[in-house]
Amino acid sequence: MAGKPKLHYFNGRGRMETIRWLLAAAGVEFEEELFETREEFEKLIQGGTLLYDQVPMVEIDGMNLVETRAILRYLAAKYDLYGRNLKEQAWIDMYVEGLKDLSDMIMYFPLSLPEEKEKNLNYILERATTRFFPVYEKALRNNGQDFLVGNRISWADIQLFEVILMTEECKSDVLLDFPLLQEFKVRMSHIPTINKFLQPGSQRKPPLDEDSMKTVKNIFRFEHGMFLKNMTTIVAEY
C-alpha cells in the first residue's frame, strides 16, 4: 500500500497552500516535513532531492515532485480533478492560471513596504473586482452548473474557493457584487472534505503574521519591497 504524500515546505502558506487545498479536497491524507530555519532548508537542498534547489516539494508515487504547477497538474490528474477531456483541461488551465495571478498578489502583499501597503491593497482589490471575479461570475453563469467546468468539481473550483477566502481576508465583503460567487462559496464550503479542511486543527495554514514573516525572510532571504518587485512584473504582463 502506497504511503501518504509528504510535503516539504516551511510552516506557512506560500506556494504549498494550494497543494494542501487540492489534496484535502480530494480527501487525501498527507504528511508534512516543515522547516523553520535557513539551516534546515539548506540541509534539504544538500540532500539532492530538490531538482532546482527550490520548494515546494512533494514526495508521492516514488517521485520527488517540484515546481508548483507541475505538482498541481499531477495531483489534479491523479485524483480525477482535471476534467473529462482535453477541452475541459484547457478551460481548467485558463481559470487556474488567472487565479494564480491574483493569489500571487495576495501572497506577496505582507512583504509590502509599510508606506506602500494601502496602495498595494487597493490595487489587489481593484484587480479582484474588475478583472478576475467578473470572469468567474460569468463562467458560472455560462456553464449553468454548480462548477466552473463541466458538471463536477475540478482543480479550478478548489483554487477559486481558496482565492475567494484569501481575498476576503483583505476585505470581508469583496463578493458583494458577485451573487453567483457568493452561492459558489457556500456550496463549496459544504463539501465534506473541504468543510473538514476549514475546521480548526486541520493542516490549513493561517495568514502570515509578523513573527512568521520574519521566519520566511530568514529562510528564503526575502527583502522588504518584494511585493513591489513582483507587482511590477505582474503589471507588465497585462
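**Exercise 1. Identify which residues the ring pairs link into a cluster with Tyr-9.**

Solution. Rings of Phe, Tyr and Trp (its six-membered ring) pair if their centres lie within 6.5 Å. Ring pairs join Tyr-9 to Phe-10, Phe-35, Phe-41 and Phe-220 in a cluster. The structure is a predicted model, in which local features need pLDDT of at least 70 and side-chain atom pairs count only at pLDDT 80 or more, while totals for chains, interfaces and linings use all residues. Residues are numbered from 1 along each chain as its sequence is written, and side-chain values use heavy atoms, with hydrogens and water left out.

**Exercise 2. Classify the ring pair of Phe-133 and Phe-178.**

Solution. The structure holds 12 aromatic pairs. Planes under 30 degrees apart count as stacked, over 60 as edge-to-face and the rest as tilted. For Phe-133 and Phe-178 the centres are 5.8 Å apart and the planes stand at 75°, so the pair is edge-to-face. Next, place the residues: Phe-133 is in helix α5 (residues 117–143) and Phe-178 in the loop between α6 (155–170) and α7 (179–189), 45 residues apart. Helices (H or I, at least four residues) and strands (E, at least two) are DSSP runs, numbered from the N terminus. Both Phe-133 and Phe-178 are buried. Buried means under 20% relative accessible area, exposed over 50%, partly exposed in between (1.4 Å probe, protein chains only).

**Exercise 3. Compare Lys-100 with Asp-104: state the separation in helix α4, then the exposure of Lys-100 and of Asp-104.**

Solution. The closest N and O atoms of this salt bridge are 2.9 Å apart. The two residues are 4 residues apart in helix α4, about one helical turn. Lys-100 is partly exposed, with a relative accessible area of 23%; Asp-104 is buried, with 8%. Elsewhere, salt bridges that share partners join Glu-17, Arg-20, Glu-32 and Lys-205 into one network.

Definitions and conventions: A salt bridge is a side-chain nitrogen of Lys or Arg within 4 Å of a carboxyl oxygen of Asp or Glu.
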